[in-house]
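Subject: Structure handover and findings

Dear colleague,

Please find below the structure that I am handing over to you. My findings follow it.

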Amino acid sequence: MKLSTDPAEAVSATLAANLRAGRRERGWRLEDLASRSGVSRGMLQQIETGQTNPSIATVARICATLGITIGQLVEPPEDLGRVTPAADIDVRRAGRASEARLLINDGQAPFVELWDFVIAPNDEISSHAHPVGTRELIHLHQGELVVEVGGATFHVAEGGSIRIRGDRAHLYRNPTAETLRLTMTVVYSGNQDPRYARPAT
């Protein structure tokens, strides 16, 4: 099946799915929404099946009836997916010349973060312990990695991966003259580390 690249078709499909979901969440039939909104049943059915592009006035009446914003009706629900544009990625300087980028911060339980680290030659990044039960899953894309956690030392070769306890103080070291790059997923068993918690919106 060929996917459409027409943005109008994408909005129409999202509008149809959101309207159908919003109506069903309230236990309303098409007739119920029609009587409450003043939009005809036929028009609502055409919107839900993607057969028409309603006017802004029609969308506004539907939104007022459902108690949601126009944005909530025409944009994909965040629980289905959430894009983080490159400009919104949280870049943190670490070590002497290294960088940690918080790519994705899932602000709902169970809390998970996706990080991208670039560790400069002969540099290191240290971290205090995260909340109890936190785990870190690390994949090394490039270079050699030394991880110190809870008094233990682990060596990871390029292409390898490691799982560590994140609830102990830990350190990531690049012992070579080449740049190191890794991707890390932080998985919290309970509360998220307040240092990285996504602000409430």
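How many aromatic pairs does a search of the whole structure find? The search finds 2, where rings of Phe, Tyr and Trp (its six-membered ring) pair if their centres lie within 6.5 Å, and planes under 30 degrees apart count as stacked, over 60 as edge-to-face and the rest as tilted. Please note that this is a predicted model, in which local features need pLDDT of at least 70, side-chain atom pairs count only at pLDDT 80 or more, and totals for chains, interfaces and linings use all residues. Residues are numbered from 1 along each chain as its sequence is written, and side-chain values use heavy atoms, with hydrogens and water left out.

Aromatic cluster

The ring centres of Trp 115 and Phe 117 are 5.9 Å apart and their planes stand at 85°, so this pair is edge-to-face. Phe 117 also forms an edge-to-face pair with Tyr 172, at 5.3 Å centre to centre and 90° between the planes. Because Phe 117 lies in strand S3 and Tyr 172 in strand S9 (residues 170-173), the latter pair ties together parts that are 55 residues apart in sequence. Helices (H or I, at least four residues) and strands (E, at least two) are DSSP runs, numbered from the N terminus. Trp 115, Phe 117 and Tyr 172 form one aromatic cluster. Trp 115 is buried at 4% relative accessibility, buried being under 20% relative accessible area, exposed over 50% and partly exposed in between (1.4 Å probe, protein chains only). Phe 117 and Tyr 172 are both buried as well.

Asp 123

Asp 123 sits in the loop between strand S3 (112-119) and strand S4 (124-127). Its relative accessible area is 2%, so Asp 123 is buried. Beyond its neighbours within four places in sequence, its contacts (heavy atoms within 4.5 Å) include Arg 96, Tyr 172 and Arg 173.

Helix H3

In helix H3 (residues 41-48), the buried residues are Leu 44, Ile 47 and Glu 48. They cover an arc of only 95° around the axis, which puts them on the same side of H3; the arc is that of the directions from the helix axis to the C-beta atoms. These buried residues pack against helix H1 (7-25), helix H2 (30-37) and helix H4 (56-66). In the contact with H1, Leu 15, Ala 16, Leu 19, Arg 20 and Arg 23 of H1 meet Leu 44, Ile 47 and Glu 48 of H3. Just after H3, Gly 50 has a positive phi of about 70°.

Yours sincerely
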